[in-house]
Every structure is written in structure tokens, then in C-alpha cells.
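Please consult the sequence and coordinates alongside the text.

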Protein chains: 2
Amino acid sequence: MKNENNSKLKIIPLGGLEQIGMNITAFEFEDSIVVVDCGLAFPTDDMLGIDLVIPDISYLEENAEKVKGFVITHGHEDHIGALPYILKKMNLPIYTTKLTMGIIENKLKEHNLMRTTRRKVVKHGQSINLGKFRIEFIKTNHSIQDASALAIYSPAGIVFHTGDFKVDYTPVFGDAIDLQRFAEIGKKGVLCLMSDSTNAIRPGFTQSERTVGITFDHIFAEHQDTRLIIATFASNVDRVQQIINSAYKYGRKVVVEGRSMVNIITIASELGYLNIPENTLIEIDQLRNFPPEKTVLITTGSQGESMAALSRMAAGVHRKVSIQPTDTVIFSSSPIPGNEKSVSNVINELSALGADVIFQDTHVSGHACQEELKLIYSLIKPKYAIPVHGEFRHLKANAAIARSLGIAKENVFIMQSGDVLEVSEESAKVVDKVHVGGILVDGLGVGDVGNIVLRDRQHLAEDGILIVVLTLQKGTNQLLAGPDIVSRGFVYVRESESLMDEARKVMVDALDKCLGGKHADWNKIKLVVRDTMNDYIWKKTKRRPMIIPIIMDV
Amino acid sequence: MKNENNSKLKIIPLGGLEQIGMNITAFEFEDSIVVVDCGLAFPTDDMLGIDLVIPDISYLEENAEKVKGFVITHGHEDHIGALPYILKKMNLPIYTTKLTMGIIENKLKEHNLMRTTRRKVVKHGQSINLGKFRIEFIKTNHSIQDASALAIYSPAGIVFHTGDFKVDYTPVFGDAIDLQRFAEIGKKGVLCLMSDSTNAIRPGFTQSERTVGITFDHIFAEHQDTRLIIATFASNVDRVQQIINSAYKYGRKVVVEGRSMVNIITIASELGYLNIPENTLIEIDQLRNFPPEKTVLITTGSQGESMAALSRMAAGVHRKVSIQPTDTVIFSSSPIPGNEKSVSNVINELSALGADVIFQDTHVSGHACQEELKLIYSLIKPKYAIPVHGEFRHLKANAAIARSLGIAKENVFIMQSGDVLEVSEESAKVVDKVHVGGILVDGLGVGDVGNIVLRDRQHLAEDGILIVVLTLQKGTNQLLAGPDIVSRGFVYVRESESLMDEARKVMVDALDKCLGGKHADWNKIKLVVRDTMNDYIWKKTKRRPMIIPIIMDV
């Protein structure tokens, strides 16, 4: 790889740096762009009614002829979830490892994109050539199997991207992170290290996934008289494997419950990432054929999601499982920030039904803590450091680690989505800003809900709506019918009849003054309706429902 | 106190047992009822637009002639916040300690209730007689000063109520919890112990408030070059005192910012609970007269509340303080469950502005952990145990502690709000259930927003609204004007014109079929409008906005 024109490499994060989620980064060299990951973000609390958020890829569309394809680090939603939506706009090939591809294909089938999407499965240790880039996939550990770090070779130098990772010396399945290869590439000279910041504020080392298996064994040993119900992340196949191992050891049958859990387990077993002993898995309907203490349910709902299987059990609305005072429920997870309250609620509901709930020491993180990050910086020894994947405070903590290991302050970049960082051996700097953003998905609509609609939803949510309808005579503007006042989400009308009656009278008086005259135009009438109602309602209730005047003429 | 009729004591929690907040408990013996605390609850996420929730006190209203007054344990909102609303319904005297009364009076002034409300300040160690009850106030420690445990003496026996408490052997102000008196009353023989469960799932002992002061001293020593901004709970006067102490020691001027913080500090200084050295406190406008490193701001916003002072600084919209890269911001608090995400957001905003943010080891809880609860059970040695104050899982953990100390399983009661527990030396059991509930306060409206209104707000928040208006001719039902379709919070209309145009056409076709015939009544027409629009919109968007048909006739 020779850099004949002395061109520079551009690194352009198109999402993922202002929040957890929506990870997507473009790497550009001359006529070649490769895109690493294509994730979605879950809506924040103010995005009322929104299902998910996908990245704005205008920059890729404007440079469509350069874009060679998507390289995917692992199969979590925040790295693959936007693919089906983006592929409908840009038909690009996907390169990733086997399990990751299996999970992606499940999505492509749902969106009817299998036939049109080129896909290539890559093994750890293999490289692919994409235009002027060569990308090498390197084994790492994470809370999902088949996660990869990427060595991105360009004529301007090597970028090393860790993906989401932890260092697990004793993984449940497959190999430990390939630290030797990390070191070997580091030895060649790496221009730039982009590393996972999620746990950069936590000191120490993340525990091995295997420690959870040991805890499970203890729990199974100590609870031989009760049914076990274990909630965890659907995509954590190793976690599921360890539950199955303990179940097999203690002679329990295993039921898998929750759609996403069933999906992933099916894919993982088919592809050989999960080893289920014969006669261990049973259907949920077979539960009644076994004594409760000889069964274990593995279920979704570890985040307290209202529609997930465990939440439905806790609320007493699950069609096949009802919680018994003899049940032991285990949360093998920790709440994702923002979900603490929902998780508490589910724990309270389960406790109130008499179940014993265990939620401590039954989970380890999938992300590297400070000592692991130090290890990676020391193996890679990059010239430049770019913390990725995390909230701002996490990026900042990762940057502090880089600096503490001797990387010069001006060589550490906390980037924002849209920044164009030009890097070469000589220098690195942000030279440009491209258009980025989140596109809201609501039902079938992609991008048809924007700020105005969200602002209206927030207003409606706070105070409800008050609709004032009038019918006027064409030409004379004489009031023929109305004003009728209809409200929703404002007050319970039956108990507030006098308020609404008086509102109507106030409205009639105000209209008396502004109708009649032929000059009164509709805009003015609407303004009078809005102002009159606003004033009256605020005075009486100290609330500001949305006021919608509707005028018809006949 | 003789129990001549062999009557039983009734303990009736009217709130506070299903959630944190809304603490209020009635104690009834023959013709006497005393009410302990009168708190509000903050709205849960599904209570859209609601300001606060107060307890339904129908039971007290029905027994108005028996009710002797409110006895208040301490000045937190979840113990006093509903007073102004309840006092408007029932004019009852209030009995509490000096600072607590000061905070209550601040509320009474706002609600214009000072003149009509009888108030008596009680000292720790004193008792008051209320009908057949005698109530003794006993010194405890908590995250607000002047907190009390109550010994409630009735002819049927003694109930000991801890209030919210911790054991602080070295409090910042005033005395440690009066454990000797706890023991003395325990020695007399206590029927029933009601104790704070908030931290019952935490092992060990809660640290002394003084440990935070030591941390502050370290932080002040290590940050002599930067301005300090410290966010904490307004009501934690001891915390504020310790910040002021460190500021004085290091020669910094102190600014207090945020309305609730200013209020409480004013009350606490006036009443002698806060000792501010002369020339230490300055107005916010004087900040510019001092070098930043010689100032410290104490501010509200430690929970990431969007309108609080610190959040406004972080968002860059505070009128008097703008965050500088040289600022050090300290969260002297831990997030109340449900606020984790908002707190994170504020930390990220502050970090992005360059500020150094400290949020570890700068707070201690105000509630007793497991070892403290064991101590209290062992000093009081009650016959019956009633865990109070906490979510279900906390109550359950407290109950487990009671049992582990030898209280018989059948003598430990996890009660629900509304349960009537009849207690005597011989037996205790739940004999009845009274009406309880939360009444929603929205603006000036108390109770006019109920489930129907909330359900509508949730629907509007998710999917918005679509209003279909028609004007018909009286008698013939002929369509004179419309259908006009107006939407809010549904789609961004300018980009969805064709959807709305087509919706109108579909509507016209459907109306063609159901109008004209003279038998078509309005209910049927409305049904057709609703069904037609629902079907069409669902098919096109997979969304379900609220459909409101409005018919006028002329």
C-alpha cells in the first residue's frame, strides 16, 4: 500500500458520539469509503411515540460511488439495527463474522432484503479488500459472541478500531481476545486507536463471563426446591449457555421464553455457537409435565421492558406462566441507564407475588474497564487516540487514560458526530463538518416525525387538547353553528361541566365582537379563539392545553 | 392510660406503602384519631402532565369528629407536601419540631393558610396529648435536621414509629439519635415498631454526615485554583453547613442559587439551624467582584431536574452563571431512582463545557442500613413489626431483618395502604380495608384529572390526534362542508400532503355511503368516520392516532 499522492485518511463518525447507540463511522481515502457499523439508537424520553432512531447518511449518499460496503464489528442493535433502513436507501454489501451475519440475516428476512443484499462472512484473522482499504478482523470478547476488532489498513497508515470489547482470558465459548495479534499490529506502527469508552470511568478489570457461571452453579445448588426464572439479554448467548450448563448439571429442563430470546437461541444453535444437551430444552406448554423445581425458564425482560415476557409474568398477564410464591427469579443483567425504575417496578411486582428475587452478583459487563484500556493502549501504542462508544463523560475518561499513558494531549481527539478528522503520520486535525443527525422511525414512517410533531406530542401529553369548532355563513361570516368545544386529555368533562359551559359562553361573547364585521378574516377569528380560550383556561386552571380553532363555512 | 373497654388500637396507613412518597398513617383508638405525616408523591412516568399526587383522605373525612391533628416526623415533601391541600379540606392542628414547622409555615403562607391553621412546636423529649393518645417526640438523625421518632402511647399499648432515620453518632448539628430513650421505651414494652425500610436491602451501617465534610475539605484543598459549584438537596441543611465551613476555612465566598435552596437556607438561618460566618455569603451578582477560585456556588439541580439552577447552567441558559472549563462541579447527592438518566445528561453537558465533574464519595444516605435496623429492633424489642417507607422489596427486606431477630413470622406485617390493622397485647390482624388512593394535582385542579384523561394524554403522546369535521344539513343529513381533516402530533403535514389528501378522499367515499339516508344517526356517522380513518391510517403508517369526529349541523 503506497500513498503515492500523499493523500490523507479521513475518519468521519456519522453517529454514536453524542449518546450510546447509533454507531456508524466512515473511513475515507481518495475514492474509497468503508463504513464501520450501522446501528440504531433507542428514543430518548422526549421522543414521544418514536420506535427507534437511525443515522442520517446524507454524506454517504452524496458520495455513493465511493462507498464500498459495511463492515460490522458485532451483532448488537446499536451496531447493526439501522442496516435494514439504510440498505433500502443504499444497496451495499455487508462484511462480518458468522454469528453477526446470522443475526443480521434475521433482520434482512423481516424486511425482505435477503435477495438484494450481498453478504460475505469473514473469519477472525482474515482480511478483506475494499477499494484502497484492507480490513482485518481480529478476535475480541464482548457480551455477544463473534465480536471483532478491526485493523483498517490504508495507504496513509493503520487505524485500529476495538469495537465493543472486554478482555476475557477464560471465555465461555471460543477463544480469548487475540492480544498477540493486537501487539503484532501495534509493533507495525498504528496511526490511530479508536477504543470503547463505555466503562472508562470504572477502575480495574471487568470480570470474566465465566464468573457468572460459577454464581449460577451456586444458585442452582442452593435453590433445589424452587422453580428458577432467569432474565437476561437475549443476545448474550454465553450467558444462556451457562444457564443451560447449570440446568443440565442439576437435572432441570429449560424453557426459553420471549420472542427475541427464541430468535437468537435458534440462530446461535443452528450456527454452532450454543451447545444444548439432548432432552434439555422443552416447550413452554410442557412445563406442566415436570415438577417446578426441575425446571428453569430463561426469559427476556431483564430491563423491565413493559411488553417483555418477565414483565408480563410480574404483572400477572402472561398467558402461560404465573409467578408462584415458591419461584426464585434472577436478574442476570444490570439496568441500562434510564431503565432503573422499570426494573425496580418489576422486582417489586415479583416480590409482592411472593417470589424470591436475586439481582446481585449475577452479571458482568461486556465492556473493558480502565486497566483493560491501559493494556490495549500499551499493546497498540498508537500515535493518535480517538475514544468512541460512550457518553461524553466516558469519552473524556478514556481520553484521560490515553494521556496518562503518554499520548500527547493534542493527539487525543474527542470527536463529535459529523467531524471530519484528517490523519497522516505528520498531523491530525478536524478539517470539516458533514451533515449528521438522527432520523426518527415511527411505525412505517421514517423521518416523517420531526421536531414540530414531537413538540406537539409533548404539548398534548402535558396538557391535552381543546378543539373549538364554528360554522360560518360564506360571505357574511355570520355564526351558523357552534362554537362547539371538544377536549381530550384536559379535564374529566363530566366533573368539569360548569368549566366547559362557561368557556363556551366566554367564547360566544368574544366571537360576537369579532364576527359580523365583513372584514374579519379567518386568521383573525382563529387568533381570537386561541387567545380567548388560552386566557380563560389559564385563569381557571393554570394549564395550557393546545387550542385548535376549526372554522367551516357553508 | 387504662383500656377500660378492652378496645383495640387501629393502625391505618392511608398511603406510602406502595411507593416512596405520600406517607400518611392514621392511628385510631375509640373516639380518637391522630394522623402521622401528610406527604405527597411525585408523579410516575405514566402520569403525564401531573404536578404531584396527594393522598385520598376519605377515611379521615368520614371520621372527621375523631381526628385530633397531624403529627409530623420531619420536613421532607413526602411527609409534609400534601398538608396545604389536605388542610383546605380539613382544618386540623399541626404538631411538630421547630425547623419542620418553619418549612411547613413557608407552604402555609404560599397557600394563604397561616391564619386558619393551629400550630404547636414540640421539642424532642416533650409529649403532647391528643384525645386518648399521648405522643412523645424523640430525637433521630436524618438528611434533614429536627427529625423525630414518635412513641405513640395508647391505652392498648405503645407504638414506636421511627420516622425516616439513620444512626449518626457524630452529627454535624445538634445531638445524635436518642438511643437511650429508644431503649428506655423499649424496656417499658412496645407493642409495635414501625421502622424505615428505605435502605433495608443495604448491608452495614450508613456513614455519618460528617464524613462528607471531610471529603469536602479534601476537595477544597485540592482545587484551590478553580471555582467550585456544589449541587445538593435543598433541605439538607447540614450538608450546606459543611460546605460553608469548608468555604470559610479556605477563604471562599458562598453564593446560594436556586429558589428552594434559598428558601430553606433562609428558614434554617432564621431559626438557628445554620451558622453562617459574617462576610461569607454573597449575592450572585457580586460574583464578578471576586476571583472565581475564591468562590463556591451551592445550587439546586442535583437530581438533573430540568428547571433547576444547575441544569440551566449546564444547558447554557442560566442568566447569571456560565460554566467555564476551569470550573469543578460536585454532585453531593446520589440519583433518586428514576433520575439516573437526567443526572447523566447534566454531567455530560457540564463535561462537554470542559468542567471537571465529581460525583463519587460526596454523599451519604439519610436512611438506616441493615445493622442500624437490627440495633433499633434490639433496643425496642417490639411484639409486632411493621416495615414502612419503601418499595415492596424494601419492606420485605426489613421484614426479613425483624424475623432474623426472633420476631415471629405471624407478628411481622407487610401492610398495604388502606389496611386496618387491629393490635392488642393478645393479637394483631388486618380486619378491614378503607378507601385510599392518589389524587392527581395538575395546575389548580385537584382530582379533575383521572384515569380517562391520563389515558387520553398517553394516547395523544404516542400517536397524536386526527380531527375530522363535517357540517351537515339539519334533517337531511346532507354534507354541506367538510370533511376537513386537522392533525397534531401525527405527521409533519407539509411532507405528508399526499397521505392527508388521500385520507380525505377515503373519508368522502365512506361518508357517501352512510349519509343521504335519513336513518343515519350521528353516532353511526361518527363510528364510520372513526373506523374508516383508523383502518386507512393503520394500513399506511402502522400508527393509531386518536380520531375525533366532530359533526355540526346548520
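## The loop at A:Gly75

A:Gly75 is located in the loop that connects strand E5 (67-71) to helix H2 (77-80) of chain A; helices (H or I, at least four residues) and strands (E, at least two) are DSSP runs, numbered from the N terminus. With a relative accessibility of 7%, A:Gly75 counts as buried, where buried means under 20% relative accessible area, exposed over 50%, and partly exposed in between (1.4 Å probe, protein chains only). Setting aside neighbours within four places in sequence, A:Gly75 is in contact with A:Ile80, A:Thr100, A:Ile103 and A:Ile144, contact being defined as heavy atoms within 4.5 Å. The C-alpha atoms of A:Gly75 and A:Lys341 are separated by 27 Å, the two residues being 266 residues apart along the chain.

## Basis of the model

This is a predicted model in which local features need pLDDT of at least 70 and side-chain atom pairs count only at pLDDT 80 or more, whereas totals for chains, interfaces and linings use all residues. Residues are numbered from 1 along each chain as its sequence is written, chains are lettered from A and ligands numbered from 1 in the order in which they are written, and side-chain values use heavy atoms, with hydrogens and water left out.

## Domains and chain symmetry

Chain A is divided into domain 1 (9-204 + 366-439), domain 2 (209-358) and domain 3 (451-553); these bounds come from an automatic or database domain assignment. Taken over C-alpha atoms, the centres of domain 2 and domain 3 of chain A are 53 Å apart.

Chain A superposes on chain B through a rotation of 180° with 0.0 Å of shift along its axis, at an RMSD of 0.0 Å. The two copies are therefore related as by a two-fold rotation axis. In chain A, the C-alpha nearest this axis belongs to A:Ala461, at 2.4 Å. Both copies use the same surface, since 100% of the contact residues of chain A recur in chain B. The superposition is by least squares on the C-alpha atoms of residues with pLDDT of at least 70 in both copies.

## Annotated binding site

An unreviewed UniProt entry carries the annotation "binding site" for A:Gly49, A:Asp51 and A:Asp442. These residues are spread over 394 residues of sequence, yet they cluster in space, with a largest C-alpha distance of 6.9 Å. UniProt positions are given in the numbering used here, feature names are shortened, and annotations may be inferred rather than shown by experiment.

A:Gly49 lies in the loop between strand E3 (32-36) and strand E4 (52-55) of chain A, and A:Asp51 is found in the loop between E3 and E4 of chain A. A:Gly49 is buried, with a relative accessible area of 10%, while A:Asp51 is partly exposed at 40%. Apart from neighbours within four places in sequence, A:Gly49 contacts A:Asp442 and A:Arg457, together with B:Ala461 and B:Glu462.

## Buried polar residues

B:Ser32 belongs to strand E3 (residues 32-36) of chain B and counts as buried at 0% relative accessibility. A polar atom of the B:Ser32 side chain lies 2.9 Å from the backbone nitrogen of B:Lys132. Beyond neighbours within four places in sequence, the contacts of B:Ser32 include B:Phe27, B:Lys66, B:Leu130 and B:Lys132.

A:Gln241 is part of helix H7 (residues 237-249) of chain A and is buried, with a relative accessible area of 8%. Outside four places in sequence, A:Gln241 is in contact with A:Val172, A:Tyr273, A:Leu274 and A:Asn275.

## Backbone geometry and cysteines

Most residues other than glycine have a negative phi, and most peptide bonds are trans. A cis peptide bond joins A:Gly482 to A:Pro483, with omega about -5°; A:Pro483 lies in strand E24 (residues 479-488) of chain A. In chain B, B:Gly482 and B:Pro483 are likewise joined by a cis peptide bond, with omega about -5°.

A:Lys542, although not a glycine, has a positive phi of about 55°. A:Lys542 lies in the loop between helix H15 (522-541) and strand E25 (546-553) of chain A and is partly exposed, at 39% relative accessible area. B:Asp146 also has a positive phi, near 70°; B:Asp146 is buried, with a relative accessible area of 9%.

The count of disulfides over all chains is zero, a disulfide being a pair of cysteine sulfur atoms within 2.5 Å. B:Cys192 is buried at 0% relative accessible area, and B:Cys369 counts as buried at 5%.

Key. Polar contact = N/O pair within 3.5 Å; in protein donor to acceptor, adjacent residues only side chain to side chain.
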